[in-house]
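Colleague: I'm new to this one. Can you put it on the screen and walk me through the rings and the helix packing?

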Amino acid sequence: MNTTMASPLTAAAPPVAKTRIVSIDILRGAVMIIMALDHVRDYFSTATGDPTDLHSTTPLLFFTRWITHFCAPTFVFLSGVSAYIAGRRRTRPELGSFLMTRGAWLVLIEVSLVTLGWTFDPAYHVIIFQVIWAIGWSMIILGLLARLSPALIPFVGVLLVAGHNATDYFPHNGPAWDILLTSPPTFIGYAPHRGFFDLYAILPWTGVMLMGYSIGRWFTPDYPAEQRRKLLLRAGFAVTALFILLRFINGYGDRSPWSVQSSPLYTVLSFVNTTKYPPSLLYLCMTLGPVLILLALTEKAKGAFVSVIQVYGRVPFFYYVIHLYLIHFCCAVLFFVSGYGFKDAFDPHSPGPFLFRRSDLGFGLGGVYLVWLFVVFVLYFPSKWYDRYKRVHNKWWFSYI
């Protein structure tokens, strides 16, 4: 990937008109829709265990989880691209301050509003650190680099993404190490029956955002469209080829090697079963390579279906927050309709710290997919309303939602 860039920020950047990039909205909308499938599965699936465990999963269950692996890398990467585009309308200090402020806001939203959506527990016995947490801290770090030395951004991005798996060879040492670098899903207790549930190590995801920022200039209005598409295709195929090569070698880049299985299909599943927590180099190459290709191929996409997807992509944060509450609300409705009461609200065998989620209550994959389609359909209407509202009004707080 060509990460060479010249800083767009000067001491007094002139005003730049806002321009929406169609391919960014399409890709972001697509991953918002796919993401909801994984979260519906969390609340409604009767399948137990890890859906990527080849000893117990089925191909369809594996795919249902695996396809959602593309969501977080795409979301974080495009947040970096969007940060570069936003920087064209700001001076370097203004951009740094904006990114750090917005990052701090996202961290606050994650530990309050988003955690409540996940758990429905107003006492906050468990505070969850997930993708919004990682994006928030990544923005803070990007803001610091944008203020101090923008030229370091591509270098630090490559170092974090490509070098992160060097931590596989070092012993893990405490919560700070996990939070910053290596966190598999980790519970960090701070009081009896209270703690933090950390899924997203900060620095590897920061690398993804920095890489997105580093190619942001390709998406500026004055950059030749044909040149942008060529670069995206070359970078996408190169990153995908790197994944195939390194994964085949079974050496550096992922702490979970693939192996020959009982059938060719399961061998393929093993090959693509890369590590998300924390995101390995091969996981990121496997997901971001195709994303770069799709960014090139969807730039001229049109049609009614594309227009629908773009609605979700234009309001991603708004969609993210309300989709959690809608899914959990539907889960609570099923809980009470099935005859359970408040005394049964917490199930210690539930796959997460979610009130009203019972391990013995839910659907097979067919039911999960139906609930997912229902959720996506319902969310179209508030997303469309908010998208229109943003187009008509010009509020300072739009940049934070």
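Modeller: A definition to begin with: rings of Phe, Tyr and Trp pair if their centres lie within 6.5 Å, and for Trp the six-membered ring is used. This is a predicted model. In it, F129, W133, W137, Y190 and F196 form one aromatic cluster.

Colleague: How many aromatic pairs does that rule give?

Modeller: The count comes to 31 aromatic pairs. One of them is Y43 with W118, which is stacked, at 6.0 Å centre to centre and 15 degrees between the planes.

Colleague: Which parts does that pair tie together?

Modeller: Y43 lies in helix 1 and W118 in helix 4, so the pair links parts 75 residues apart in sequence. Y43 and W118 are both buried.

Colleague: What about F318 and Y386, how are the planes set?

Modeller: Their planes are at 20 degrees and their centres 4.5 Å apart, so the pair is stacked. F318 is in helix 13 and Y386 in helix 14, so this pair ties together parts 68 residues apart in sequence.

Colleague: Is F318 buried or exposed?

Modeller: F318 counts as buried, at 17% relative accessibility. Y386 is buried as well, with a relative accessible area of 3%.

Colleague: Change of topic. At what angle do helix 7 and helix 8 pack?

Modeller: The angle is about 20 degrees, and the axes are 4 Å apart. Helix 7 and helix 8 are therefore roughly parallel.

Colleague: Which residues make the contact?

Modeller: Helix 7 contributes I179, L180 and L181, and helix 8 contributes I202, L203 and P204. The residues of that contact are six nonpolar, no polar and no charged.

Note on methods:
Residues are numbered from 1 along each chain as its sequence is written. This is a predicted model: local features need pLDDT of at least 70, side-chain atom pairs count only at pLDDT 80 or more; totals for chains, interfaces and linings use all residues. Side-chain values use heavy atoms; hydrogens and water are left out. Axes are lines fitted to C-alpha atoms, for helices over the stretch in contact, and angles run from 0 to 180 degrees between N-to-C directions. Helices (H or I, at least four residues) and strands (E, at least two) are DSSP runs, numbered from the N terminus. Angles under 35 degrees count as roughly parallel, over 145 as roughly antiparallel, 65 to 115 as roughly perpendicular and the rest as oblique. Contact means heavy atoms within 4.5 Å. Ala, Val, Leu, Ile, Met, Phe, Trp, Tyr, Cys and Pro count as nonpolar, Asp, Glu, Lys and Arg as charged, and the others, Gly among them, as polar. Rings of Phe, Tyr and Trp (its six-membered ring) pair if their centres lie within 6.5 Å; planes under 30 degrees apart count as stacked, over 60 as edge-to-face and the rest as tilted. Buried means under 20% relative accessible area, exposed over 50%, partly exposed in between (1.4 Å probe, protein chains only).
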